[in-house]
Amino acid sequence: MASIFSCVVRSTSTAGISAWRTNLSSVNRMIHKSPVTKANRVPCGCRRNLSTESPKLPQMPPEPGEGKSPVTWKSVGITLGLGGVFLAGMVYWKSIKDAAIEKEKVKTIGKASLGGEWELVDSTGKVRTDKDFHGQWILLYFGFTHCPDVCPEELEKIVEAVDLIDERKDIPNLQPIFITVDPERDTPKAVAEYIAEFSPKLIGMTGSVAQIEKVTRAFRVFFSAGPKDDDNDYIVDHSIITYLVGPDGYFVNYYGQNKKAHEIANDVRVQMAKFKM
Ligand SMILES: [Cu+2]
(Lines give C-alpha, C1' and ligand atoms only; values in the text may rest on other atoms or scores of the structure.)
Protein backbone atom coordinates (compact mmCIF):
# COMPACT_ATOMS: atom_id res chain seq x y z
CA MET A 1 0.00 0.00 0.00
CA ALA A 2 2.91 2.26 1.01
CA SER A 3 4.63 1.64 -2.25
CA ILE A 4 1.39 2.15 -4.01
CA PHE A 5 0.82 5.39 -2.05
CA SER A 6 4.43 6.46 -2.50
CA CYS A 7 4.11 5.72 -6.17
CA VAL A 8 0.91 7.74 -6.36
CA VAL A 9 2.42 10.60 -4.31
CA ARG A 10 5.62 10.58 -6.34
CA SER A 11 3.74 10.23 -9.47
CA THR A 12 1.40 13.09 -8.42
CA SER A 13 4.19 15.39 -7.37
CA THR A 14 6.19 14.78 -10.56
CA ALA A 15 3.14 15.51 -12.66
CA GLY A 16 2.37 18.59 -10.55
CA ILE A 17 5.89 19.93 -10.89
CA SER A 18 5.85 19.24 -14.58
CA ALA A 19 2.53 21.03 -14.93
CA TRP A 20 3.72 23.94 -12.81
CA ARG A 21 6.88 24.24 -14.95
CA THR A 22 4.84 24.16 -18.09
CA ASN A 23 2.55 26.87 -16.71
CA LEU A 24 5.49 28.98 -15.58
CA SER A 25 7.11 28.61 -18.97
CA SER A 26 3.84 29.72 -20.60
CA VAL A 27 3.62 32.71 -18.28
CA ASN A 28 7.23 33.61 -19.06
CA ARG A 29 6.55 33.30 -22.77
CA MET A 30 3.48 35.50 -22.33
CA ILE A 31 5.43 38.10 -20.37
CA HIS A 32 8.26 38.23 -22.91
CA LYS A 33 6.13 38.08 -25.99
CA SER A 34 3.37 40.45 -24.97
CA PRO A 35 3.94 43.84 -26.67
CA VAL A 36 3.80 46.91 -24.49
CA THR A 37 0.57 48.64 -25.23
CA LYS A 38 -1.39 51.45 -23.67
CA ALA A 39 -3.57 48.82 -22.09
CA ASN A 40 -0.83 46.99 -20.24
CA ARG A 41 1.50 49.97 -19.75
CA VAL A 42 1.88 51.15 -16.17
CA PRO A 43 2.59 54.85 -15.87
CA CYS A 44 5.48 55.60 -13.62
CA GLY A 45 4.12 58.86 -12.31
CA CYS A 46 7.65 60.40 -12.08
CA ARG A 47 7.91 64.16 -12.24
CA ARG A 48 10.88 66.45 -12.89
CA ASN A 49 10.21 68.96 -10.20
CA LEU A 50 13.34 71.06 -10.90
CA SER A 51 12.91 71.39 -14.62
CA THR A 52 10.50 73.50 -16.66
CA GLU A 53 10.89 71.13 -19.57
CA SER A 54 7.99 68.93 -20.38
CA PRO A 55 8.71 65.40 -19.40
CA LYS A 56 9.74 63.34 -22.36
CA LEU A 57 7.58 60.33 -22.53
CA PRO A 58 9.07 57.18 -23.96
CA GLN A 59 8.25 56.58 -27.59
CA MET A 60 5.51 54.04 -27.80
CA PRO A 61 4.82 51.92 -30.81
CA PRO A 62 1.83 53.33 -32.77
CA GLU A 63 -1.53 51.92 -31.94
CA PRO A 64 -3.80 50.63 -34.63
CA GLY A 65 -5.12 53.71 -36.48
CA GLU A 66 -2.67 56.04 -34.72
CA GLY A 67 -0.52 58.23 -37.03
CA LYS A 68 -2.64 57.35 -40.03
CA SER A 69 -3.91 59.86 -42.60
CA PRO A 70 -6.99 61.85 -41.48
CA VAL A 71 -8.70 60.56 -44.66
CA THR A 72 -10.69 57.58 -43.47
CA TRP A 73 -13.12 55.32 -45.22
CA LYS A 74 -15.86 57.11 -43.31
CA SER A 75 -14.80 60.55 -44.56
CA VAL A 76 -14.40 59.18 -48.11
CA GLY A 77 -17.88 57.71 -47.84
CA ILE A 78 -19.37 61.02 -46.62
CA THR A 79 -17.57 62.96 -49.38
CA LEU A 80 -18.76 60.53 -52.04
CA GLY A 81 -22.27 60.64 -50.59
CA LEU A 82 -22.39 64.45 -50.63
CA GLY A 83 -20.86 64.48 -54.11
CA GLY A 84 -23.52 62.03 -55.28
CA VAL A 85 -26.31 64.18 -53.83
CA PHE A 86 -24.80 67.29 -55.49
CA LEU A 87 -24.43 65.46 -58.82
CA ALA A 88 -28.00 64.16 -58.63
CA GLY A 89 -29.16 67.72 -57.92
CA MET A 90 -27.23 69.03 -60.93
CA VAL A 91 -28.66 66.32 -63.19
CA TYR A 92 -32.18 67.03 -61.92
CA TRP A 93 -31.73 70.81 -62.39
CA LYS A 94 -30.36 70.29 -65.92
CA SER A 95 -33.28 68.03 -66.84
CA ILE A 96 -35.73 70.73 -65.68
CA LYS A 97 -33.80 73.38 -67.63
CA ASP A 98 -33.70 71.20 -70.77
CA ALA A 99 -37.43 70.53 -70.49
CA ALA A 100 -38.10 74.29 -70.17
CA ILE A 101 -35.93 75.01 -73.22
CA GLU A 102 -37.73 72.29 -75.20
CA LYS A 103 -41.12 73.67 -74.12
CA GLU A 104 -40.02 77.16 -75.13
CA LYS A 105 -38.86 75.80 -78.52
CA VAL A 106 -42.25 74.18 -79.12
CA LYS A 107 -44.02 77.38 -78.09
CA THR A 108 -41.76 79.42 -80.39
CA ILE A 109 -42.44 77.10 -83.32
CA GLY A 110 -46.18 77.43 -82.60
CA LYS A 111 -45.90 81.20 -82.31
CA ALA A 112 -43.94 81.55 -85.53
CA SER A 113 -47.01 80.49 -87.48
CA LEU A 114 -48.71 83.79 -86.52
CA GLY A 115 -47.79 86.87 -88.49
CA GLY A 116 -45.81 87.00 -91.66
CA GLU A 117 -46.29 88.97 -94.86
CA TRP A 118 -48.94 91.64 -95.33
CA GLU A 119 -49.52 94.81 -97.32
CA LEU A 120 -51.79 97.66 -96.19
CA VAL A 121 -52.34 101.40 -96.59
CA ASP A 122 -51.51 103.76 -93.74
CA SER A 123 -53.49 106.81 -92.61
CA THR A 124 -51.51 109.05 -94.98
CA GLY A 125 -52.43 106.84 -97.95
CA LYS A 126 -48.98 105.31 -98.20
CA VAL A 127 -48.59 101.58 -98.94
CA ARG A 128 -46.87 99.82 -96.05
CA THR A 129 -45.78 96.21 -95.72
CA ASP A 130 -44.61 94.05 -92.85
CA LYS A 131 -41.03 94.53 -94.06
CA ASP A 132 -41.23 98.28 -93.33
CA PHE A 133 -41.42 97.35 -89.65
CA HIS A 134 -38.78 94.65 -89.51
CA GLY A 135 -36.27 95.49 -86.82
CA GLN A 136 -38.95 97.14 -84.68
CA TRP A 137 -41.04 95.85 -81.82
CA ILE A 138 -44.75 96.30 -82.55
CA LEU A 139 -47.85 96.31 -80.39
CA LEU A 140 -50.57 95.46 -82.87
CA TYR A 141 -54.31 95.87 -82.38
CA PHE A 142 -57.23 95.11 -84.70
CA GLY A 143 -60.45 97.11 -84.29
CA PHE A 144 -62.64 99.68 -86.01
CA THR A 145 -63.13 103.40 -85.63
CA HIS A 146 -66.87 103.19 -84.93
CA CYS A 147 -66.36 100.88 -81.98
CA PRO A 148 -68.29 102.46 -79.09
CA ASP A 149 -66.12 101.54 -76.10
CA VAL A 150 -63.84 98.51 -76.30
CA CYS A 151 -61.46 99.75 -79.00
CA PRO A 152 -60.97 103.22 -77.42
CA GLU A 153 -60.23 101.59 -74.05
CA GLU A 154 -57.81 99.10 -75.57
CA LEU A 155 -56.00 101.74 -77.60
CA GLU A 156 -55.60 103.98 -74.55
CA LYS A 157 -54.12 101.03 -72.68
CA ILE A 158 -51.76 100.21 -75.56
CA VAL A 159 -50.51 103.79 -75.74
CA GLU A 160 -49.92 103.77 -71.97
CA ALA A 161 -47.92 100.51 -72.23
CA VAL A 162 -45.91 101.95 -75.13
CA ASP A 163 -45.10 105.07 -73.11
CA LEU A 164 -43.92 102.87 -70.22
CA ILE A 165 -41.58 101.02 -72.58
CA ASP A 166 -40.38 104.14 -74.39
CA GLU A 167 -39.40 105.92 -71.18
CA ARG A 168 -36.78 103.23 -70.65
CA LYS A 169 -33.65 104.03 -72.60
CA ASP A 170 -32.04 100.62 -72.10
CA ILE A 171 -34.58 98.77 -74.25
CA PRO A 172 -35.93 99.31 -77.79
CA ASN A 173 -38.96 101.51 -78.40
CA LEU A 174 -42.33 99.98 -79.12
CA GLN A 175 -44.39 100.92 -82.19
CA PRO A 176 -48.18 100.80 -81.69
CA ILE A 177 -50.17 99.94 -84.83
CA PHE A 178 -53.94 99.97 -85.28
CA ILE A 179 -55.37 97.92 -88.17
CA THR A 180 -59.03 98.28 -88.99
CA VAL A 181 -61.31 95.31 -89.54
CA ASP A 182 -63.87 97.64 -91.13
CA PRO A 183 -62.22 98.71 -94.39
CA GLU A 184 -65.55 99.72 -95.87
CA ARG A 185 -65.95 102.74 -93.57
CA ASP A 186 -62.40 103.21 -92.31
CA THR A 187 -60.72 105.14 -95.10
CA PRO A 188 -57.18 106.43 -94.54
CA LYS A 189 -58.70 109.81 -93.60
CA ALA A 190 -61.13 108.25 -91.07
CA VAL A 191 -58.27 106.26 -89.56
CA ALA A 192 -56.06 109.37 -89.39
CA GLU A 193 -58.72 111.31 -87.46
CA TYR A 194 -59.32 108.39 -85.16
CA ILE A 195 -55.71 107.63 -84.18
CA ALA A 196 -55.03 111.33 -83.56
CA GLU A 197 -57.29 111.05 -80.52
CA PHE A 198 -54.86 108.64 -78.83
CA SER A 199 -51.21 109.32 -79.56
CA PRO A 200 -48.96 110.71 -82.27
CA LYS A 201 -46.99 107.47 -81.89
CA LEU A 202 -49.90 105.39 -83.15
CA ILE A 203 -49.83 104.30 -86.81
CA GLY A 204 -53.21 103.47 -88.36
CA MET A 205 -53.72 101.04 -91.24
CA THR A 206 -56.52 100.18 -93.59
CA GLY A 207 -56.65 98.59 -97.02
CA SER A 208 -58.82 96.71 -99.46
CA VAL A 209 -61.11 93.98 -98.15
CA ALA A 210 -58.67 91.40 -99.54
CA GLN A 211 -55.70 93.03 -97.82
CA ILE A 212 -57.54 93.20 -94.49
CA GLU A 213 -58.64 89.58 -94.86
CA LYS A 214 -55.05 88.52 -95.52
CA VAL A 215 -53.55 90.27 -92.50
CA THR A 216 -56.35 89.11 -90.17
CA ARG A 217 -55.81 85.54 -91.38
CA ALA A 218 -52.10 85.87 -90.72
CA PHE A 219 -52.83 86.80 -87.10
CA ARG A 220 -55.95 84.61 -86.86
CA VAL A 221 -58.13 87.54 -85.95
CA PHE A 222 -61.85 86.96 -86.03
CA PHE A 223 -64.19 89.71 -87.26
CA SER A 224 -67.76 89.80 -88.49
CA ALA A 225 -69.87 92.84 -89.39
CA GLY A 226 -73.36 92.89 -87.87
CA PRO A 227 -76.59 94.00 -89.56
CA LYS A 228 -76.93 97.65 -90.58
CA ASP A 229 -79.49 99.83 -88.77
CA ASP A 230 -81.63 102.62 -90.28
CA ASP A 231 -78.64 104.98 -90.25
CA ASN A 232 -76.51 102.40 -92.02
CA ASP A 233 -74.56 102.04 -88.82
CA TYR A 234 -73.35 98.65 -87.72
CA ILE A 235 -71.16 96.96 -85.15
CA VAL A 236 -68.25 94.74 -86.11
CA ASP A 237 -67.67 91.81 -83.81
CA HIS A 238 -63.93 91.19 -83.47
CA SER A 239 -61.24 89.57 -81.38
CA ILE A 240 -60.02 91.85 -78.60
CA ILE A 241 -56.37 90.88 -78.59
CA THR A 242 -53.20 92.95 -78.59
CA TYR A 243 -50.27 91.24 -80.29
CA LEU A 244 -46.63 91.75 -79.55
CA VAL A 245 -44.71 91.34 -82.81
CA GLY A 246 -40.95 90.88 -82.75
CA PRO A 247 -38.33 92.54 -84.95
CA ASP A 248 -38.59 89.55 -87.34
CA GLY A 249 -42.26 90.35 -88.08
CA TYR A 250 -43.61 87.36 -86.19
CA PHE A 251 -45.87 87.06 -83.20
CA VAL A 252 -44.14 86.92 -79.83
CA ASN A 253 -47.00 87.13 -77.33
CA TYR A 254 -50.56 88.35 -76.95
CA TYR A 255 -52.49 90.25 -74.28
CA GLY A 256 -56.19 89.95 -73.63
CA GLN A 257 -58.61 92.63 -72.51
CA ASN A 258 -57.95 91.80 -68.85
CA LYS A 259 -54.26 92.77 -69.03
CA LYS A 260 -53.38 96.19 -67.63
CA ALA A 261 -50.93 98.60 -69.27
CA HIS A 262 -48.14 98.00 -66.73
CA GLU A 263 -48.58 94.22 -67.03
CA ILE A 264 -48.23 94.45 -70.80
CA ALA A 265 -45.16 96.68 -70.45
CA ASN A 266 -43.58 94.29 -67.95
CA ASP A 267 -44.09 91.33 -70.26
CA VAL A 268 -42.82 93.25 -73.28
CA ARG A 269 -39.61 93.96 -71.35
CA VAL A 270 -39.24 90.26 -70.56
CA GLN A 271 -39.89 89.26 -74.18
CA MET A 272 -37.38 91.80 -75.44
CA ALA A 273 -34.76 90.46 -73.04
CA LYS A 274 -35.14 86.85 -74.13
CA PHE A 275 -35.78 87.44 -77.82
CA LYS A 276 -33.39 85.87 -80.33
CA MET A 277 -33.67 86.40 -84.08
CU1 LIG B 1 -63.82 97.36 -80.97
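**Exercise 1.** State in which strand H238 lies and whether H238 is buried or exposed.

*Solution.* Step 1: H238 lies in strand β7, residues 236-238. Helices (H or I, at least four residues) and strands (E, at least two) are DSSP runs, numbered from the N terminus. This is a predicted model, in which local features need pLDDT of at least 70, side-chain atom pairs count only at pLDDT 80 or more, and totals for chains, interfaces and linings use all residues. Residues are numbered from 1 along each chain as its sequence is written.

Step 2: H238 has 21 other C-beta atoms within 10 Å and is therefore buried. The cut-offs are 20 or more other C-beta atoms within 10 Å for buried, 12 or fewer for exposed, and in between for partly exposed, with C-beta atoms placed from the backbone.

Step 3: Apart from its neighbours within four places in sequence, H238 is in contact with F142, G143, V181, V221, F222 and F223. Contact requires that the C-beta atoms of two residues, placed from the backbone, lie within 7 Å.

**Exercise 2.** Find which residues the UniProt annotation "binding site" covers, and describe the setting of C151.

*Solution.* Step 1: In the unreviewed UniProt entry, this annotation covers C147, C151 and H238. The three span 92 residues in sequence, but no two of their C-alpha atoms are more than 10.1 Å apart, so they gather at one spot. UniProt positions are given in the numbering used here, feature names are shortened, and annotations may be inferred rather than shown by experiment.

Step 2: C151 belongs to helix α3, residues 150-166. It counts as buried because it has 22 C-beta neighbours inside 10 Å.

Step 3: Neighbours within four places in sequence aside, C151 is in contact with G143 and F144.

**Exercise 3.** Give the strand order of the open sheet and identify what packs on it.

*Solution.* Step 1: The seven strands follow the order β2-β1-β5-β4-β3-β8-β9, with mixed pairing. Two strands pair if DSSP finds at least two bridges between them.

Step 2: The edges are β2 (127-129) and β9 (251-255); each has a single partner strand, so one side of each is left without a neighbour in the sheet. From one strand to the next, the twist averages 35°. Angles run from 0 to 180 degrees between N-to-C directions, and axes are lines fitted to C-alpha atoms, for helices over the stretch in contact.

Step 3: β1 (residues 119-122) and β2 run antiparallel and are joined by three bridges. L120 has R128 in β2 as its bridge partner.

Step 4: Helix α3 packs on the sheet, where it touches β3 (137-143), β4 (174-180) and β8 (242-245), and its direction makes about 175° with that of β3. Helix α6 (residues 261-274) lies across β3, β4, β8 and β9, at about 165° to β9.

**Exercise 4.** Determine which residues of helix α4 are buried and where they pack.

*Solution.* Step 1: In α4 (residues 188-196), V191, Y194 and I195 are buried. Seen down the helix axis, the buried residues of α4 fall within an arc of 90°, so they line one face. The arc is that of the directions from the helix axis to the C-beta atoms.

Step 2: K189 and A196, on the other side of α4, are exposed.

Step 3: The buried residues of α4 pack against β4 and β5 (203-206).
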